[in-house]
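These are my notebook entries on what I looked up, region by region. I begin with the ligand and then go on to the strands, the cores and a few single residues.

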Amino acid sequence: MKTWEYAESIESSAIVNIEKKYGIFLDGEFQTANSKKFLKTISPSTEEVLSSITVGNKNDIDSAVDSAKNGLKIWSKLTGTERAKYLFKLARLIQERSREFAVLESLDGGKPIKESRDFDLPQVAANFFYFAGWADKLDISWNTKGLKPYGIVGQIIPWNFPLLMLSWKVAPALATGNVVILKPAESTPLTALLFAELCQEVGLPAGVFNLVTGDGTTGAALVQHPDISKIAFTGSTAVGKYIQNETAGRDIGLTLELGGKAANIVYNDAAIDQAVEGVVNGIFFNQGHVCCAGSRLVLQEDIHDEFVSKLEKRMQSLRVGNPLDKNTDIGAINSKEQLDKISSLVNEGVSEGGTIFQTECELPANGFWFRPTLFTNAQPSYKIAREEIFGPVLTTLTFRTPEEAIDIANNTEYGLSAGIWTEKGSKILWTADRLQAGVIWANTFNKFDPSSPFGGYKESGFGREGGRHGLLSYLKVQS
Ligand code: NDP
């Protein structure tokens, strides 16, 4: 039967108000930067220029540190209850303005509105509520008398979940009494700039939240500043390694949340239709721009043909297109650079001998797009089975025994997440016990909760975000 055609249902972008040009946010207000350099942030689905943002330089980072020092004088005198009030206010305002944030996130980053509206924004608000709830309970819960905030924290975030990564970092840092200098990714700065407006609206003391937009040079200047007491970074393993080298030898806290190449293991006793849904969600959510994406399908050999045939049929129904259309499953690739990287890795997969399946959907004329892609007949040595593609590309590997599944799953330099699909609880526990991954889902994938710690093993980084462990990452033992 032919599927019915959908009618478009476009979310209006009239709700967002984007300035032509943005300065940086220091001392509680937007300011003209010392740097006179700007870069354009575009909508990756249309290539239309949305705004010009400042590329902060070393002098701007110096000014941000001065602002943060003043902020710290005020913030450190507040009780946990008083800090919590600001965080609760921010959480409520985020909820009130969630539609505006969701549209802005989809415009600037290319993700489908149904994800920014139904996943990112509820999670962002939940993070602020969760950490607000902790701010006045730190002493009584853990007797944190010997634990002190770091002070000025530098936070560098990527472009795949811009506002969500801001909330993962800013909320626990402020709850524990630190002040923040944030550097968002150059291709997705707009929701962080809107968040700065919210900080003004709730009357957050000047200098507690500081925002310096820019590129890698801005991030590097922040990392190099001697008065920064902690760096929290999410992004590529290459930049994570640079930051680790750069900060070696300094008395500085560091958490690195880096890449991944997660195995989504499907045993032959799994509920196949549910597993197909989970595998689709695991890799095609947010165009595959997800550090914990289930990008390696590790499939028991005797169900390979049936599973792949169901998976290809399901992939064929994914709707690729305008991120603001509420029917869209897969939006735009975040940037031309990322599209080039995905295309090059996929071409290598084909030349290495993988069998490629791509859906037949029509792609829009402008913007950056990539068809949902599945590789079968791949070997563990292929680049598509080893490197983080960070796009809508799934590579299948097969196994015969559970031991072999574990060997394949752990045969990676990463260790961020994994998935297990089986109807046997004992097999879930046996498998989870042997996987080297920070987060493991069973019979589901990509589920998040502010109370649950998230982070990796091996080259996926160290330190945890979320939950109690995430709070401890912002506290330092002082005896
Ligand atoms: P990066 O690691 O370069 O970017 C992450 C953040 O770090 C951005 O804010 C970036 O700024 C900043 N940055 C870049 N260089 C430096 C530096 N020398 N010092 C301090 N900060 C710096 O990721 P990319 O955006 O370049 O993506 C490249 C690849 O990384 C992707 O293809 C994907 O595989 C992986 N990636 C992984 C993510 C994850 O969550 N694990 C997230 C994003 C990417 P700017 O944006 O201005 O360059």
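Predicted model: local features only at pLDDT ≥ 70, side-chain atom pairs only at ≥ 80, totals over all residues.

A polar side-chain atom of Glu388 lies 3.0 Å from a ligand oxygen atom, while Gly216 has a backbone N or O atom 3.4 Å from an oxygen atom of the ligand. For Ala220 I noted a backbone N or O atom at 3.4 Å from a nitrogen atom of the ligand. I also looked up the areas: the ligand exposes 850 Å² when taken alone, and the protein buries 85% of that.

My next entry is on strand S16. I found that S16, residues 393-399, is largely enclosed by the rest of the structure, because six of its seven residues are buried. I looked up its pairing as well: strand S13 (residues 296-300) pairs with S16 in the parallel sense over five bridges, and in that pairing Leu297 stands opposite Thr396 of S16. Strand S15 (residues 373-376) also pairs with S16 in the parallel sense, over three bridges, and here Thr373 has Val393 in S16 as its bridge partner.

I went on to the nonpolar cores. The largest has 127 residues, and the members that touch the most other members are Phe128, Phe195, Phe209, Val266, Phe307 and Leu311. I followed up one of these, Leu311, and, leaving aside neighbours within four places in sequence, I found Leu311 in contact with Val276, Val279, Val280, Leu297, Leu374 and Leu394. There is also a second, separate core of 29 residues, which includes Val346, Val393, Ile406 and Ile428.

I then turned to Gly177, which lies in the loop between helix H6 (162-175) and strand S8 (179-183). Is Gly177 buried or exposed? With a relative accessible area of 5%, Gly177 is buried. Its contacts, apart from neighbours within four places in sequence, are Leu72, Trp75, Arg83 and Pro149. For Pro149 I also looked up the spacing: the C-alpha atoms of Gly177 and Pro149 are separated by 5.6 Å, although these residues are 28 residues apart along the chain.

Beyond neighbours within four places in sequence, I found Glu100 in contact with Ile15, Val16 and Leu194.

Ser52 has its place in strand S5 (residues 49-54) and is buried too, with a relative accessible area of 14%. What is Ser52 in contact with, leaving aside its neighbours within four places in sequence? I listed Lys20, Lys21 and Tyr22, together with Phe38, Leu39 and Lys40.

Terms used
Residues numbered from 1 in each chain as written. Heavy atoms only, no water. Buried < 20%, exposed > 50% of the residue type's maximum accessible area, 1.4 Å probe, protein only. Helix = DSSP H or I, 4+ residues; strand = E, 2+ residues; numbered from the N terminus. Pairing = 2+ DSSP bridges. Core = buried A, V, L, I, M, F, W, Y, C linked by side-chain atoms within 4.5 Å. Contact = heavy atoms within 4.5 Å. Polar contact = N/O pair within 3.5 Å; in protein donor to acceptor, adjacent residues only side chain to side chain. Areas by Shrake-Rupley, 256 points an atom, 1.4 Å probe, with all protein chains shown as cover.
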